[in-house]
Amino acid sequence: GETATATNLRTGGDHMTDIQKVLDDSGMTLTEISTKYHIPYHSLQNWKYGITEPPKYVSEMLHELIHLH
């Protein structure tokens with residue numbers, strides 16, 4: 001069987017949060033996103049792994065910026 005990870009438990013299994021999808025779909029590394037959009041790397045890491053979630057406006061802003069990129 002598959003072992004549940006802390007990330008899977010926090011995000012409800014296979015469900016990806018909006019920010020995780022945005023980060024994955026960006027085609028950029030967290031370092032590139034951090035540098036380009038002046039977002040602390042540690043924050044991006046926490047969002048990607050479901051440890052914390054950004055404010056909704058941050059998620060929406062990143063979604064818009066990355067799709068213009």
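This short talk goes through the helices, the core, the salt bridges and one serine of a predicted model.

First, the ground rules. Because the model is predicted, local features need pLDDT of at least 70 and side-chain atom pairs count only at pLDDT 80 or more, while totals for chains, interfaces and linings use all residues. Residues are numbered from 1 along each chain as its sequence is written, and side-chain values use heavy atoms, with hydrogens and water left out.

Start with the overall layout. The chain has 5 helices and 0 strands; helices here are DSSP runs of H or I with at least four residues, strands are E runs of at least two, and numbering goes from the N terminus. The order along the sequence is α-α-α-α-α. Of the 69 residues in the chain, 32% are buried (buried means under 20% relative accessible area, exposed over 50%, partly exposed in between, with a 1.4 Å probe and protein chains only). Taking contacts with a separation of 6 or more, 54% are between residues 24 or more positions apart, where contact means heavy atoms within 4.5 Å.

Helix α2, residues 18-25, packs with helix α4, residues 41-48, at an angle of about 110°, and their axes are 8 Å apart. The axes are lines fitted to C-alpha atoms, for helices over the stretch in contact, and angles run from 0 to 180 degrees between N-to-C directions. That angle makes α2 roughly perpendicular to α4 (65 to 115 degrees; under 35 is roughly parallel, over 145 roughly antiparallel, and the rest oblique). On the α2 side, Ile-19, Gln-20, Leu-23 and Asp-24 meet Leu-44, Trp-47 and Lys-48 of α4. By class, this contact has 4 nonpolar, 1 polar and 2 charged residues; Ala, Val, Leu, Ile, Met, Phe, Trp, Tyr, Cys and Pro count as nonpolar, Asp, Glu, Lys and Arg as charged, and the others, Gly among them, as polar.

Now the core. The largest nonpolar core has 13 residues, and those touching the most other members are Leu-23, Ile-33, Tyr-37, Leu-44, Trp-47 and Leu-62. Such a core is a set of buried Ala, Val, Leu, Ile, Met, Phe, Trp, Tyr and Cys residues joined through side-chain atoms within 4.5 Å. Two or more residues come from each of α2, α3 (30-37), α4 and α5.

How many salt bridges does a search of the whole structure find? It finds 3, a salt bridge being a side-chain nitrogen of Lys or Arg within 4 Å of a carboxyl oxygen of Asp or Glu. Lys-48 pairs with Asp-24, with the closest N and O atoms 2.5 Å apart. This pair links distant parts of the chain, 24 residues apart, from helix α4 to helix α2. Lys-48 is partly exposed at 24%, and Asp-24 is partly exposed at 42%.

The salt bridge of Asp-25 with Lys-21 has its closest N and O atoms 3.0 Å apart. Both lie in helix α2, 4 residues apart, about one turn of the helix. In α5, Lys-56 and Glu-60 are also 4 residues apart, and their closest N and O atoms are 3.4 Å apart. Lys-56 is exposed, at 56% relative accessibility, whereas Glu-60 is partly exposed at 42%.

Last, the serine. Ser-59 is in helix α5, residues 56-68. Is Ser-59 buried or exposed? Its relative accessibility is 10%, so Ser-59 counts as buried. Leaving out residues up to four places away in sequence, Ser-59 touches Asp-18, Ile-19 and Pro-54.
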